Amino acid sequence: MASAQVLVASNRGPVSYARGADGTLEARRGGGGLVSGLSAIGPDTDSLWVCSALGDGDREAVRRAGGGDLPDADTGGRRVRMLDIDPDVHSDAYNGIANSVLWFVHHLLYQTPLEPVFDAEFRRQWAAYETYNRLFARALADQAGPGAAVLVQDYHLALVPGMLRELRPDLRIGHFSHTPWAPVDYFRMLPDDIAEQLLRGMLGADRLGFLTRRWADAFAACCEAVVGGTGDTELGVHGLGADADFLRERSRRPDVAERMAALREQIGPGRRTVVRVDRTELSKNIVRGLHAYRALLDEHPEWRERVVHLAFAYPSRQDLAVYRAYTEEVSRLAAEINEAYGTPGWTPVVLHVEDDFARSLAAYRIADVALVNPVRDGMNLVAKEVPVVSDHGCVLVLSREAGAYAELGADALVVNPYDVTGTARALHEALTMPDDERAERTRRLSSAATALPPEKWFLDQLHALD
Ligand code: F6P
């Protein structure tokens, strides 16, 4: 049935499946801006979300659905089609190219004396990335009704707009980057033909969306340098905001209150808290954050026994060795700080590595200081979520390299993420900020953070394609 009028395409879909030992499949629905955004289009519009099967459970679900739409009961009634792409092709495209090359380029993550190396193995993986993009383009071309709007997401699918344009010139095609965009010199580390193919692939869209003006300008500069400009493609900026209604309701539920009590027990009475919540992602700069906290305890010994760093670092991309090594370093360093400074009644760093959304919200509510210090980040929603749910006001220590800086910088304590001493100084300033100033800044941060709710963020992009 080629009828959908609004299509979304992303690597990770709104539902995933876990296979139980007894052969049952358990569907888990995810959240995030796209899920809320898509819910804003009325029931009269036929929509379809095309995503990739990511694990064995997903593949089994696709087989059971006969390759068609997933059961309504699993998706909350939304049409979702998962593509069962050959696991080796998917792994080369997702782990090999998307996460180990494109993610690294846009977040400036290479240790350049030794990497990147663009050799025959890279070319082999690049061919898989092309195949994976082509499979998405074909599925979208098959399912889109005449003149439909297609909103393609992220660096995984950078070639889709151009491929889809060739298959279906009648469609209105948008692409949105949830990441930063690399500066020209860094982007041009990519082999010239690949850099050109990527940009031309994206320029197949009618409109390209970015989270901040800075990333849109960086993209335009790369186009200028590599392909002579952006042609007829329009660039737009849509700074996705926090979902205030959802967060306020969810953070008041009993499971969050239970987690708050448990955290207070771990923190101990009368102590201040510095909170961070991240995926254990190289760009999040968790290790330098821990160094900064240690520097705070060195430079300001008066904080010993009086502050606890709650660091939640949830598993991410564990198929990649460099992520596994980074995860280990986070645990090692937290243990080292606790060993060096801890006392029988005080654990300086409380590290949690199992993903627990209710506990994250509990930490947001009680945080005195939130540390958000990525080396580079498309937006960073934690920076926007904390002020919305904070109980008593929370000082935001924010990296100037996070997209959120554009909207929140004025009321945050801004840091250079590489400057550990400067970050320690900001932590001290945050911990000593008078309560009324902290509360006032939190109010302003919350209002800036919710200026563009996910529904409006999505509809703005859709209407801009009209
Ligand atoms: O920022 C880009 C992005 O795709 C986000 O949408 C998401 O938070 C993150 O990366 C997740 O990555 P993955 O799907 O690899 O876990």
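This is a predicted model: local features need pLDDT of at least 70, side-chain atom pairs count only at pLDDT 80 or more; totals for chains, interfaces and linings use all residues.
Residues are numbered from 1 along each chain as its sequence is written, and side-chain values use heavy atoms, with hydrogens and water left out. Local features need pLDDT of at least 70 and side-chain atom pairs count only at pLDDT 80 or more, while totals for chains, interfaces and linings use all residues.

Two packed helices are described by the angle between their axes and the distance between the axes. Helix α12 (residues 286–299) packs with helix α13 (residues 321–341) at an angle of about 10 degrees, and the axes are 9 Å apart. This makes α12 roughly parallel to α13, a term for angles under 35 degrees. Here axes are lines fitted to C-alpha atoms, for helices over the stretch in contact, and angles run from 0 to 180 degrees between N-to-C directions. Helices are DSSP runs (H or I, at least four residues), numbered from the N terminus. On the α12 side, the contact (heavy atoms within 4.5 Å) is made by I286, V287, L290, H291, R294, L297 and D298. Helix α13 contributes Y326, E329, V330, L333, A334, E336, I337 and Y341. By class, the residues of this contact divide into 10 nonpolar, one polar and four charged; Ala, Val, Leu, Ile, Met, Phe, Trp, Tyr, Cys and Pro count as nonpolar, Asp, Glu, Lys and Arg as charged, and the others, Gly among them, as polar.

Turning to the aromatic rings, a search of the whole structure finds 14 aromatic pairs. Rings of Phe, Tyr and Trp (its six-membered ring) pair if their centres lie within 6.5 Å; planes under 30 degrees apart count as stacked, over 60 as edge-to-face and the rest as tilted. The pair of F104 and Y110 is tilted, with ring centres 5.3 Å apart and planes at 50 degrees. Both F104 and Y110 are buried (under 20% relative accessible area; exposed is over 50% and partly exposed in between, with a 1.4 Å probe and protein chains only). F246 and F357 form a stacked pair, 6.2 Å centre to centre with 10 degrees between the planes. This pair links distant parts of the chain, from F246 in helix α10 (residues 244–250) to F357 in helix α14 (residues 357–366), 111 residues apart. F246 is partly exposed at 38% relative accessible area, and F357 is also partly exposed, at 36%. Elsewhere, ring pairs link F118, F122, W126 and Y129 into a cluster.

Leaving aside neighbours within four places in sequence, T442 is in contact with P387, S390, G393 and C394.

Methods
Helices (H or I, at least four residues) and strands (E, at least two) are DSSP runs, numbered from the N terminus. Angles under 35 degrees count as roughly parallel, over 145 as roughly antiparallel, 65 to 115 as roughly perpendicular and the rest as oblique.
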